[in-house]
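This report describes a single protein chain from its computed model. Please have the sequence and the structure open while reading.

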Amino acid sequence: MAWKALIATVDKTTSLDMSSGVVIQRSKNERSTARFTTVNGYVPALRAEVELYDTDGVTVLFGGIIFSRQTRGVGALMFTECECVDWSIYTTWRTITKTFNGVVTLKTVLQGLITDYLTDYGITLAVGQVDGPSTTVTGFQVTTKPIDQFLRDLTTYSGGYVWGITPAKVLQMVINAAAP
């Protein structure tokens, strides 16, 4: 399998043990994960950003951070197993406390969330983000909760729109069947 791996924006494809493969598990409304093993001598930093690309070297299959790692073996047989979580980890680390005034839609809530809490991580809102259900709400307040919990609450309030952050760091909420 020929693919590309960037770790902390540096091409580290040759530092990964291709014989071990890469395991990517995707999830709707929750975190996706990836696991890989490095070759002897390379130990990537915890929380380093990771992007795994398809064989074309352009299509991002996974984006996230190294969440845990374990080095095993001795001498020339030493290797590091890495477990990564996708960009949605940032929604667990940040909390939201915000008041939304006036008439709001799902899209305006997500725009406020991106602007006030997720831009620092490079996360953007999908260009094609729909306004959401036809019903709108006039103002509401969110009192200190993790952003991922708030997004799960939005799934309930919106009648089934689920959220996801793509490997390219794009947040989107869509009807369940079309989830990213």
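Predicted model: local features only at pLDDT ≥ 70, side-chain atom pairs only at ≥ 80, totals over all residues.

Buried means under 20% relative accessible area, exposed over 50%, and partly exposed in between, with a 1.4 Å probe and protein chains only. Helices (H or I, at least four residues) and strands (E, at least two) are DSSP runs, numbered from the N terminus. Just after α3, G159 has a positive phi of about 80°.

Helix α3 (residues 147-157) packs with helix α2 (residues 106-118) at an angle of about 175°, and their axes are 12 Å apart. Because of this angle, α2 is roughly antiparallel to α3. Axes are lines fitted to C-alpha atoms, for helices over the stretch in contact, and angles run from 0 to 180 degrees between N-to-C directions. Angles under 35 degrees count as roughly parallel, over 145 as roughly antiparallel, 65 to 115 as roughly perpendicular and the rest as oblique. From α2, the residues L106, V109, L110, L113, Y117 and L118 meet I147, F150, L151 and L154 of α3; contact means heavy atoms within 4.5 Å.

Y42 sits in the loop between β4 (33-38) and β5 (49-53). Its relative accessible area is 15%, so Y42 is buried. Leaving out residues up to four places away in sequence, Y42 touches I7, K12, S15 and T80. Between Y42 and N176, 134 residues apart in sequence, the C-alpha to C-alpha distance is 40 Å.

L61 belongs to strand β6 (residues 60-72). With a relative accessible area of 27%, L61 is partly exposed. The residues that L61 touches, again not counting those up to four places away in sequence, are I24, R26, L52, Y53, D54 and P167. L61 and T9 are 52 residues apart along the chain, with 15 Å between their C-alpha atoms.

## The chain as a whole

The chain contains 3 helices and 12 strands. Its C-alpha atoms fill a box of roughly 65 × 30 × 25 Å along the principal axes. Of its 180 residues, 39% count as buried. Among contacts between residues at least 6 apart in sequence, 57% join residues at least 24 apart.

## Basis of the values

Residues are numbered from 1 along each chain as its sequence is written. Local features need pLDDT of at least 70 and side-chain atom pairs count only at pLDDT 80 or more, while totals for chains, interfaces and linings use all residues; side-chain values use heavy atoms, leaving out hydrogens and water.
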